[in-house]
Every structure is written in structure tokens, then in C-alpha cells.
Amino acid sequence: MDVISSIAQKIVISPSLPYTVAMDYHHRAIERKWQQFWADNRTFRVSNASDKPKYYVLDMFPYPSGAGLHVGHPLGYIASDIFARYKRLKGFNVLHPMGYDSFGLPAEQYAIQTGQHPAITTEANIARYREQLDNIGFSFDWEREVRTSDPLFYKWTQWIFMQLFNAWYDKSRDCAVPIDKLVAHFETHGTQNVHAVCDEDTHFFTADEWKAFTDGEKQRELLKYRLAYLRESTVNWCAALGTVLANDEVVNGVSERGGYPVEQKKMMQWSMRITAYAERLLKGLETIDWPEPLVEMQRNWIGKSVGASVRFAVPALGDRSIEVFTTRVDTIYGVNALVLAPEHELVGALTTGEQKAEVDAYIAQTKKKSELDRMADVKAVSGAFTGSYAAHPLTGKDVPIWIADYVLAGYGTGAVMAVPSGDQRDYLFSSHFGLPIIPISDAQQLDGQADPTKEGRYINSDLINGMTYAEAVDTLITKLESIGAGKAMINYRMRDAIFGRQRYWGEPVPVYFEGGIPRLIDEQDLPLLLPEVDKYLPTETGEPPLGRAKDWKYHGTFDYELSTMPGWAGSSWYWYRYMDAQHTEAFASKEAIGYWKDVDLYIGGSEHATGHLLYSRFWNKFLKDMGYVMEEEPFKKLINQGMIQGRSNFVYRVLDGEGKGTNTFVSHGLKDDYRTIALHVDVNIVSNDVLNLDEFRKFRPDFADAEFILENGKYVCGHEVEKMSKSKYNVVNPDDIIEQYGADTLRMYEMFLGPLEQSKPWNTNGIEGVYKFLRKFWKLFHDAAGNLAVSDEAPSKAELKALHKIIKKVEEDVERFSFNTSVSSFMICVNELTDLKCNKRAILQELCVVLQPYAPHITEELWELLGNASGTLSYASYPAFNPSYLVESEFAYPVSVNGKTRMNLTLPLDLAQSEVEKAVLENEDLQRYLEGKPVKKVIYVKGRIVNVVV
RNA sequence: GCCUGGAUGGUGGAACUGGUAGACACGCAGGACUUAAAAUCCUGUUCGCCCUAAAGCGAGUGCGGGUUCGAUUCCCGCUCCAGGUACCA
């Protein structure tokens with residue numbers, strides 16, 4: 001009677017529940033109970049002091065957008081949570097925090113449209129995110145939460161900026177050094193023996209000259225050395241948005257967001273001297289365990305080339321010369337021209353009167369071209385002769401000077417020496433303009449194209465004739481250095497990072513101006529709070545939004561810097577704040593940093609490869625140079641989770657003779673018989689590609705009386721993989737999945753979908769299998785009436801084998817981040833135990849521990865039902881694997897003939913090879929396949945296979 | 001163009017160091033239970049041939065070759081897909 005009434009009750013409470021007889025496993029009640037328990041008991045609070053070894057599992061923290069989490073966002077968080085929970089069971093003190101990268105454009109755009117302060121929008125979005133995250137049962141220590149837009153957080157972002165401002169990079173020591181040391185050096189030795197990474201226009205001066213400088217002159221000079229510095233840079237200025245955009249925010253010459261035109265504009269901008277760290281950023285890649293494509297991307301981004309810089313004198317210009325960078329100094333005798341970027345500073349001076357018209361026309365044409373579209377870049381060769389000649393540094397011969405747009409102003413010196421025999425671009429250029437093409441190696445094959453080979457011996461090359469590549473390079477560098485015409489040089493593609501945005505919703509730069517000189521505010525005045533403004537738009541005079549703040553002056557008199565920091569500022573150091581999120585004396589205490597040191601495992605998307613991950617490594621190295629942190633690299637191991645794509649569903653509306661839509665829809669399998677148009681349909685009313693017709697009528701009231709042509713009584717939808725977006729009706733909210741199936745099912749299903757690193761479309765088909773698994777698991781502990789029924793009997797051999805198989809499997813899988821295979825193995829284990837009718841406490845209790853990282857709620861509940869203290873499962877011990885339970889005495893060998901499997905033969909594992917051969921060859925069934933042919937050889941691999949070769 | 005991944009049933013995927021390809025799950029088909037449906041349980045499910053069936057035979061991991069007793073796995077050549085990057089001297 002009780003059972004029946006409880007069923008009845010269940011039906012009343014949850015009429016929408018698909019499985020009304022699920023009287024046993026009530027995921028809603030269980031999950032709510034444990035989430036509350038963990039919060040109330042601060043179960044996942046972690047201490048900065050422990051006898052246990054430390055382990056730091058970090059997720060890339062989200063930007064809290066207004067749309068909330070969709071089902072793709074938590075993929076990485078689930079994986080890292082499984083890993084963190086597993087490490088806790090393995091006896092580690094695990095730091096597993098979460099926070100928000102809460103400065104950013106969408107909140108500001110919303111503020112521009114609605115006038116609502118971005119802080120309010122952000123606060124609401126964070127609350128929504130938190131609720132959604134809590135629903136999934138993550139084991140985050142929320143007491144360490146950080147928000148980059150919180151003044152208590154950005155105080156330290158500003159503080160780090162101040163340290164960067166107050167530092168320079170000393171190449172002799174190969175590290176950053178406080179600027180005071182540079183000032184002290186200037187006072188005693190001037191610029192002598194200063195090896196700094198600095199601007200190109202620094203002056204040389206003696207100690208006396210330095211001392212004679214005014215304070216303003218000193219500051220101006222020092223700015224050229226600081227790691228955070230102000231300089232005029234060409235930026236992507238978007239007038240419509242009133243801001244500067246990063247290169248990756250500009251697509252095809254228009255802004256990625258909104259598609260507004262973008263122009264190149266010179267502006268004074270804060271920059272970060274990341275190029276000082278180029279070599280260390282490159283070297284460090286060898287010491288970290290990151291996915292190869294990511295390492296490769298950073299390597300390409302840094303773009304190191306080893307070569308030489310060579311100076312070509314230009315007699316017509318007196319003492320001025322053209323400097324080129326080349327990676328192939330060995331080809332210098334093959335030079336037939338110098339080619340400059342049209343923007344090169346010497347172009348004006350070099351152009352002769354005769355050539356002026358042509359050159360000007362060409363420059364005008366290039367400008368238009370770059371404005372138009374670089375994507376429409378045809379391989380057309382173009383260029384113009386300046387009329388001037390340079391002198392070849394070794395032969396003294398005249399080398400014509402050209403300009404062409406295939407030479408980029410921003411790379412190297414903006415000028416190249418053209419060697420048509422060795423470089424394809426130079427070859428095309430030379431053949432187009434009829435310049436001579438001189439072979440320089442006896443191994444070169446110039447049949448219509450350049451040959452960049454380094455093999456062979458040099459010819460037509462005077463000084464290096466007959467030499468090999470290595471000999472030639474050494475000889476030439478030595479020679480060029482001795483005549484002052486060149487030197488070995490390393491060039492990097494990476495540029496210094498622009499660090500200012502003309503935006504409101506970001507960290508204010510803690511700088512004010514006094515007589516045009518930027519100065520830091522006093523440390524005691526941190527944080528420099530974002531001022532209130534009446535509108536979140538640039539001022540009428542084109543100044544950033546902060547220019548609207550009333551009476552916003554340092555000490556009431558000095559103007560503040562009006563740009564704010566870029567989106568990556570806060571995320572470049574946030575993982576240290578988690579170590580000691582409440583600390584007030586520093587960004588984290590020395591003790592906390594000394595204990596946690598670095599991130600052991602970092603999980604996030606590969607889209608941050610060259611942004612966040614590069615800048616974070618840079619700031620980390622800087623903080624280490626200054627003695628604030630301990631490790632050269634912040635993220636020891638990194639895993640990229642794949643992107644979850646959308647999977648859209650379609651219905652097919654039949655078209656009439658004129659191509660107009662009718663009120664009839666045809667099922668996917670029959671649509672080829674009709675003229676149809678595909679319409680997106682909400683994936684949430686489609687199950688296994690079968691459309692719920694009633695829901696469809698509600699979804700599209702305009703089709704309430706539509707007719708449906710069905711197949712097998714069903715309307716089957718078509719599907720396609722697209723981006724997940726509202727307009728495509730393919731967004732799935734994790735909350736809906738959790739409501740229907742529970743968080744444990746969601747967690748396991750997201751893992752079950754496939755390898756973590758792989759991108760895949762979200763598809764709810766198949767989630768039932770995981771839900772069924774959890775109910776089956778629950779049933780192991782209960783009798784048919786739903787009462788706990790666990791036996792204390794000793795487990796059987798088969799039961800122990802099933803348990804220890806999964807203990808081993810999960811251990812191996814988690815360590816190699818293969819979470820999908822664990823889920824399958826759990827299913828196999830529960831299937832086996834169900835077949836064995838196993839209800840032994842000794843088995844089930846350990847199984848709870850093994851499954852806990854994947855399905856923490858159901859296992860906590862069962863753990864408690866088994867009589868364990870409530871909520872102690874998170875810190876239980878992972879069961880020890882005992883291989884003896886897996887030992888087999890015999891094995892069913894697949895017996896193959898010439899590699900083709902023909903039969904199975906069960907044999908004891910301790911047989912000697914000769915005995916196995918005998919048993920196999922004497923087998924009657926085998927004779928059929930041998931067809932009387934003589935046996936050449938028998939391959940026997942113990943516990944694997946027997947192969948008879950005839 | 002270059003760099004990095006990837007391609008396995010109707011679907012998601014498994015096979016970890018060369019050793020029974022398709023585990024596990026979805027879907028589908030059939031059956032049990034039920035007045036019925038849902039849920040649950042059971043059976044089958046790579047394809048082709050043969051066939052009442054059982055059994056059997058053949059093919060098969062994008063395509064073409066190779067190494068090997070044995071290849072989804074290693075080597076060579078190609079096709080397609082995804083991500084990154086692009087006159088980088």
C-alpha cells in the first residue's frame with residue numbers, strides 16, 4: 001500500500017516527470033540536499049597549510065554574460081571538478097577555485113544602450129552564473145572567489161601595473177630590475193654599459209649630463225626604459241565604437257563587433273614591453289606540459305628568426321643607410337635590389353624627381369589597397385623604382401632601390417635585400433620587373449622558381465665561393481662586423497602589447513599627468529576607483545568615457561590617465577589571488593604563494609592560446625624577477641577542452657507551385673519527394689530527432705493548425721551542426737537538463753560524449769543511457785520495494801574482480817584525462833554487479849568512492865545510507881587496487897590461421913609454448929582450416945593470441 | 001600556401017605498448033509485463049552472399065600501396081574535414 005501511495009504522490013508532485021515510477025532514485029531531492037549540505041558545512045573550504053601534498057586545479061574563469069551558461073560552458077569545469085575530487089580522494093590538499101573575469105565589453109554595450117551601470121548588470125549576471133554553477137555540484141571553495149571588477153581585486157592589478165612602470169629589463173642580468181637601479185647607474189656611469197630592452201630613440205649621455213637634466217627630461221628618458229610605458233603607436237581606431245581595437249577584434253578591416261569601419265591612427269598608448277621576455281617565453285615552452293598545437297601557436301606568435309642585419313650605404317644620402325634584416329646572409333652576393341615597404345621613412349628622400357610621380361602613385365595605390373581588403377590579396381606583383389641606388393657592402397656595386405607592398409613596414413626594418421634565386425617572392429618580383437637573377441649555389445635549380453636550398457657550394461659569391469652554408473655564414477658575419485656593415489641578429493615577430501583601451505568598464509590606469517609627464521599615484525591611494533560618469537560614451541572632444549567624470553583629478557589638480565586597462569589585465573595574474581583571496585597587505589601572502597607555488601592543472605579553451613596564456617606567462621615571469629612569486633612558469637600542465645557546438649533541428653515546410661510556403665510539413669525521410677524549405681525548430685521540443693507536435697504548435701502558434709506528413713507515425717527532424725546561438729534555437733540550458741535528469745547525469749553525460757579535447761556538437765540523444773545507469777546503480781543498494789538492502793556477507797571472487805577492475809580503470813583514465821572511457825567502464829561494472837545480484841557492502845561502499853568524482857550527489861546519499869558519517873565521502877580514501885583479484889588462470893585464446901581468426905580455445909595460462917602448440921594443432925576443429933597444408937610456424941603470445949602459419 | 005589535429009556501424013564513440021575491430025550507450029526491430037500507454041526487463045542489430053533456420057562464406061576502420069605471422073595502430077603517397085596562421089625577409 002505504501003508503495004502505491006508513494007507512486008501516486010509522485011505523479012501528483014511531478015506530472016512532467018518522464019519516469020513517474022522512479023520511486024527509487026529522486027535526483028532532485030538528493031541533489032538539493034547535498035548541495036545545501038556542502039554549502040552549510042563549507043565542505044570544500046581548503047586551507048593554506050596542510051601535511052598533505054598540494055594540488056592546484058584551475059579553470060579559465062568565465063566572463064559572466066547576460067545569456068547565462070549554456071550546456072557547453074561547464075564541460076571543462078566538470079572535467080576539472082572530477083580531477084579535483086579524485087585528487088582529494090588520493091590524499092591531496094586541493095585548491096579548486098572559481099571566479100569571474102567581470103570587466104568587459106558586453107556589460108558596457110548594455111550600459112550604453114540602457115544607461116544602467118555595468119556594475120549592476122555584472123552583479124546580476126554573476127548571481128545567475130553562480131546559481132547555475134551551484135546546480136551542477138562543483139566542489140569549488142567559494143570563499144576564494146575573485147572578480148576582476150571588484151576594487152579589492154583590481155587594486156592589485158593596478159599595483160602590478162605600478163611595478164611594471166617602475167621596472168626595466170636588464171639584458172646583462174636577463175631579468176627585470178627596479179628602475180631605481182637604472183637611475184643610480186645613470187648617476188654614476190651615464191648610459192655606459194647599460195644593456196636594456198628599450199625604445200629605439202634613447203639618448204647616450206654621461207653621468208654629468210644626466211645630472212644636468214631637468215626632472216622632466218629625466219622622466220621622459222626613463223619612460224623609454226620602463227616595462228609599462230607610453231608611446232605613440234599605430235592603433236586600430238574604430239570611431240563608431242570610440243575605441244581602439246586589438247588586431248583580433250578587427251576582421252576584414254571592420255570591427256568584429258558591429259562591423260564598423262576601422263582606421264589606422266597614431267595615438268599615445270600605454271604599452272607593455274613583452275618583447276623583453278620573447279626569448280624566455282620561447283624557452284619556457286620546452287618546460288611545460290601543454291598541448292602541442294598550443295605550444296606551436298605561441299612559438300609562431302613569438303616568431304623568432306635568427307639572421308643578420310646588414311647595412312647598405314646610400315651614397316646619394318650622405319651618411320644615411322638602409323638597414324635590412326635577413327635570415328639568409330649567405331645569399332648576399334645574389335642581391336639584385338633593395339626593396340622597401342612603401343611606408344619606409346627613407347622613401348621620400350630616395351625618390352628622384354624623375355620617379356616621383358610613379359612612386360607617389362604606387363604609395364597611393366597601396367594605401368587604398370590596405371584600406372580595401374587584404375583578403376582579396378591577389379598574387380599580383382607590384383612595385384616602383386625610386387631612382388636611387390645603394391652600394392653593396394661587399395662588392396660596392398650599385399643596387400637599385402625599389403618599393404613594393406610585399407615588404408611589410410611592421411616587420412624587421414621594413415626593408416629587404418632581394419635575392420631572387422633564393423626567395424620565391426623576390427624571384428617573382430625580379431622576373432616581373434626584368435631584374436637579373438643570379439644563381440649563388442651549385443645546387444640551385446632555377447627552373448621558373450627560386451630555390452632556397454642550403455646544400456651545395458657557393459658560386460658567383462666572391463668571398464665565399466666554394467664554401468658550405470655554415471662556413472659562409474660565419475665568414476660573412478665576421479667580415480660584415482669588421483667593416484661595420486652588419487652583425488648577427490635575432491628578430492622576433494612579436495610586438496609590444498598595447499595596454500590601453502578607450503573604454504569605461506575596465507581598470508583605471510593608476511597614473512596622473514604633471515606637465516605632460518606620466519606619474520604613478522601614491523600606493524596608498526590604491527585602488528584608484530572607477531569614477532561615475534553620466535554616459536558610457538566618448539566625450540564630445542573624442543576623449544575616453546572617463547573624460548566625462550566630474551572633478552576627477554588627482555589631489556584635486558592633476559589630470560588622470562583616461563584610458564582603462566584591456567580585458568587581459570586582471571586575468572594575467574588572477575590565479576595568485578585565489579591562493580589568498582582575502583589578503584589585504586599584498587596580492588597574496590608570501591606564505592600562500594610559497595605553499596601553492598603554481599597551477600598543477602589548468603583547463604580551458606584553446607582560443608586563449610596567444611592572448612591570455614601568453615600575457616599570463618609574461619606577468620608571471622616579471623613577478624618572479626621582482627621576487628614576488630616563485631615559479632618561472634605559472635601553468636605546469638594545460639588541457640584544452642573541445643568546443644561544444646550546437647546541433648540544430650529542422651522541420652521541412654512544403655512549398656506550393658509558386659514556391660510559397662504551405663501549411664504542411666513533411667518528415668525528414670520523405671522530404672525529397674516535395675519542394676520544401678527547412679526551418680529551425682527549437683531543439684528542446686525534439687527528442688532523438690522526433691518532433692513533439694503539440695509542443696511545436698505552442699512554439700509556432702502561426703502553425704497551430706499545420707498538417708504533418710509523418711513516417712512510421714513520427715515526424716522526424718533533420719539536423720545540422722552549427723554554432724550554438726539563440727537565433728538557431730539550438731541552445732540547451734544545463735538547468736533544464738538538471739531538472740529532468742539531475743546534475744549527476746549531466747556531469748556524466750558531458751563526459752560520456754567523447755574525449756575532452758575533441759570538439760563535438762551537443763546532442764541530448766543518449767542521455768537516457770546515463771540516467772538509466774544511475775538508477776541501476778541506485779538499485780544495487782535497494783530491494784524491489786525501494787528499501788535499503790545491503791548485505792555484510794563476504795564478497796565473491798567475481799564481485800571483487802568487477803570492483804577492482806573499475807578501481808584500476810578509473811585511476812588510469814583520470815590520470816590521462818580520458819573521462820569518457822571511465823563512464824563506459826562504470827556502466828560495465830554496474831551491469832556486471834547487477835547480473836551477479838551483488839548487494840555486498842564491501843563492494844558497494846568502495847564503488848561509491850570510485851564513482852564520487854563523477855556523480856557526487858548520488859554517492860554521498862548512498863554513502864550516508866550505508867551508515868557513514870554524513871558528507872565524509874569527499875575526503876574518503878580512494879580504494880587500493882589489488883591486482884590479485886584480476887589474475888586469471890585460463891584464457892580463451894583466439895586461434896587464427898594466417899592471421900584470420902577462426903575459433904576460440906580456452907587454455908590454462910601457465911602452459912609452455914610447446915604445450916600450447918600441441919593443444920592447438922591437435923584440435924579437431926582447426927584441421928578444417930589447415931586444409932592439410934603443412935604448418936610453418938605457430939605464433940604464441942601469452943594471454944593474447946595463437947596464430948598458425950601454413 | 002604553411003603548421004596542428006582528425007576520418008571507425010544508422011548515431012556518439014571504444015580498442016592505452018602491432019594481437020579476437022565495433023566495448024559502452026543511443027537509435028531501430030522483435031518479445032515479456034500491462035485493458036492500454038509509460039516505465040522496466042529480455043533478445044537481435046557492421047555490411048554483403050547463401051538460407052525456413054542453424055551453420056557457413058566473403059568484405060570491412062577515408063583512398064592507393066608497403067612492412068609484418070598479424071595493421072584502426074608503423075612507413076610512403078593521396079583525398080576530404082576542423083582549428084590556427086599567413087607576403088615574417
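Trainee: In which helix is Q163 found?

Mentor: In this predicted model, Q163 is found in helix α6, which spans residues 151-165.

Trainee: Is Q163 buried or exposed?

Mentor: A residue counts as buried when its relative accessible area is under 20%. Q163 has a relative accessible area of 11% and is therefore buried.

Trainee: Which residues does Q163 touch, leaving aside those up to four places away in sequence?

Mentor: With those sequence neighbours set aside, Q163 touches F622 and Y628.

Trainee: How many residues does the largest nonpolar core have, and which have the most contacts inside it?

Mentor: The largest nonpolar core comprises 179 residues. The residues with the most contacts inside this core are F161, M272, F587, M748, F777, F819 and Y854. Both domain 1 (160-289 + 497-560) and domain 4 (736-879) give residues to this core, so the core lies between them. There is also a second, separate core of 47 residues, which includes V310, L346, Y458 and A472.

Trainee: What does F819 touch, again not counting residues up to four places away in sequence?

Mentor: On that basis, F819 touches A79, I82, F83, M751, L756, V814 and Y854.

Trainee: How many cavities of 30 Å³ or more does the structure hold, and what lines the largest cavity?

Mentor: The structure holds one cavity of 30 Å³ or more. The largest cavity has a volume of about 40 Å³. Its lining consists of E108, I112, L241, G242, Q502, R503, Y536, L537, P538 and P545. By class, the lining of the largest cavity has six nonpolar residues, two polar and two charged.

Notes: Residues numbered from 1 in each chain as written. Chains lettered and ligands numbered in written order. Predicted model: local features only at pLDDT ≥ 70, side-chain atom pairs only at ≥ 80, totals over all residues. Heavy atoms only, no water. Core = buried A, V, L, I, M, F, W, Y, C linked by side-chain atoms within 4.5 Å. Buried < 20%, exposed > 50% of the residue type's maximum accessible area, 1.4 Å probe, protein only. Domains from an automatic or database assignment. Contact = heavy atoms within 4.5 Å. Helix = DSSP H or I, 4+ residues; strand = E, 2+ residues; numbered from the N terminus. 1 Å grid on protein atoms, 1.4 Å probe; cavity = no way out; pocket = protein on both sides within 12 Å on 5 of 7 lines; lining within 4 Å. Points joined across faces, edges and corners; volume = space filled by probe spheres on them. Nonpolar A, V, L, I, M, F, W, Y, C, P; charged D, E, K, R; others polar.
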